[in-house]
Amino acid sequence: MSPAPSPLLSIRDLHVKFTSRERTVHAVNGVSLDLARGEVLGLLGESGSGKSVTLRSIQRLLPPRRTSMSGSIMLDGEDVLQMSPKELRAVRGSKVAMIFQEPATAFDPVYTVGQQICETILQHEDVSHSDAEKRALELLELVRIPSAKQRLRAYPHEMSGGMRQRAMIALALSCRPSLLLADEPTTALDATVQIQVLLLLAQLQEELGLSIIFVTHDVGVAIEISSRLAVMYGGQVVESGPLEDVVRNPAHPYTKGLLASTIHGAMRGERLQAIPGSPPNLSSPPTECTFFPRCPIGEARCTHSVPELREVTPLRSARCIKVGERQLEPAE
Amino acid sequence: MRLRQSDPRDVGGPLQPLLSVEGLKKHFPVKGNRFGFEKSPPVRAVDGISFQVSKGETLGVVGESGCGKSTMARLLIRLIEPDEGDVVLDGQLVGAADGISVREMRSQVQMVFQDSYASLNPRLPIEESIAFGPVSDGLSRREALDRAIDLLGQVGLDPRLFVHRYPHELSGGQRQRVNIARALALRPRLLILDEAVSALDKSVEAQVMNLLADLKARFDLTYVFISHDLNVVRYISDKVMVMYLGEVVEIGTVEAIYGAPAHPYTQALLQAQPAMDPANRRKKAPLTGDPPNPIAPPPGCRFHTRCQFAESVCSRAAPSLEALPNADFHQAACHMVIPGSGHSKAPTISES
């Protein structure tokens, strides 16, 4: 594949605000992201960091009456935020498909898996019912579901968790989307099943040349699947860059803290390096660095304004005013 | 404040296990088929497990969903009645006339659950939730509230800011600290932590893990720490027990389980963990398929349907837990480690 001149997806200065009678939440505060064709972007963050909201914005799946959005989401040259409901319907499923954390609730329980896949195909493409059924069978085989023919007639509750997640991937791929959005698809699965689904996604990505945005809170999962990493905190991308660089040499103090506090192999008996405090309450838009209250290297000037994304290296950026001012110290 | 060896409840001395479980079993009945004509076999949630926890030790329990680890926790503290088997607390049989009553046991054994919100009364300020146990245990209200304030400080929440708050006014990590304080309010000796940090964000999880380590030293606690996260269990445990479909498949010191896992299921669990190294990603899944249904577990060794080393003996006979040589404490239930079991990889019976 030759590198495409323009990114498949380009998000610029996305803001998402939810309003209800009781309160307002500024869930996403100025996110800009680019996704190249064939790239797997890991969107890493804790609960409330805005990672899922960012993902859902790309398909405009947020409740329209309570959500206000600004910025732009250019998908293949068209702005998703300006699309009419009809245009959106054409994009959802065929150009952009999504898989969710809980496949049991993403499927309709009263139709068989085969019927649901066929329905999607017939909705988007002018094919006969028997052709759609044939494609559904191929799809179940593509996601390595054993005895696919019988499974087409199975209802979602008749499948195990891992199998349902595979079926949901088949459903998502049914109209050959170029962009797959994955919202923590392996979080609800057991460890031995999670790794199967991750490897399946990686294989499919390679075979079909998919672009994937993979939202997760689990650093280990992000490392297994992504080629590039974007770390979110307080509704903003605080750091992004090639996976290895970010993991080996994090530039933002939050990324550093997150990696240091993730418990792994050889830490037995050591004191864990926890990040003190808890994530910000997003009831008002940020006016300072969102990580400042928990930051070990924060200074008074961090509170003057929201820091801009600064270039760490040509491929990397971090939202910290100290980037570039000093050599990055290794975490103690 | 500290509970040292002078604790009058320490009846058996330091060498007697604090908790000893023998043949614990719980089968849940399943409603028949959709018209109720046929009886369906029960879910064999916990199917005859035995283990011991020494005083001051942390036993980690790992396994996938449906392996029975949470049912086991609820059996230990008698939230559900076991069908069979004994739970012995410091030499005293729980529920027996000459042993210890369930009520007395619960003043020594407390539990912290995964869902920090569901385990607190939403209509009580947190000081009342923490003081509730001691008051019902006979402490005066004044003393119980003083204890609640002291415990809030112990778990790292400033009492001046937090005593009057309600659960919904706290973050997940703060709520879990309250749950830990509530569990400690009866001055227990044993704390059962059932996925207590699993719902927390990673940066908060590390805070709570540090807190658990501090409290254990400060109050001389013993932990049963249940989790699906092998890294967290490795971090905190002295001994680790691996469960599969209601049975213990391997138990041993943390060094033995992580350094030289003997059971193929333990090996698979470890290999299924994300690698945490971008240059060294997993290439192959150690197992295919999902864990089988505990309603009708496979005959023989319950793992044989997913095991790459399975032979005919594995589907015929259920292996028992067998001590492995060359380790302080390490047992596995696998025909490959039982001498003379009939498996081609089994050790031959030695003359000694």
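Guide: The model is predicted: local features need pLDDT of at least 70 and side-chain atom pairs pLDDT 80 or more, while totals for chains, interfaces and linings use all residues. Residues are numbered from 1 along each chain as its sequence is written, and chains are lettered from A and ligands numbered from 1 in the order in which they are written.

Chain B contains eleven helices and twelve strands, which are DSSP runs (helices H or I, at least four residues; strands E, at least two) numbered from the N terminus.

An automatic or database assignment divides chain B into domain 1 (19-244) and domain 2 (247-276 + 285-332). The C-alpha centres of these two domains of chain B lie 26 Å apart. Where they touch, 21 residues of domain 1 of chain B are in contact with 24 residues of domain 2 of chain B, contact being C-beta atoms, placed from the backbone, within 7 Å. On the domain 1 side, β2 (43-53), α8 (230-236) and β9 (239-244) of chain B each give two or more residues. The residues of that side comprise 13 nonpolar, two polar and six charged; Ala, Val, Leu, Ile, Met, Phe, Trp, Tyr, Cys and Pro count as nonpolar, Asp, Glu, Lys and Arg as charged, and the others, Gly among them, as polar.

Key
Two residues are in contact if their C-beta atoms, placed from the backbone, lie within 7 Å.
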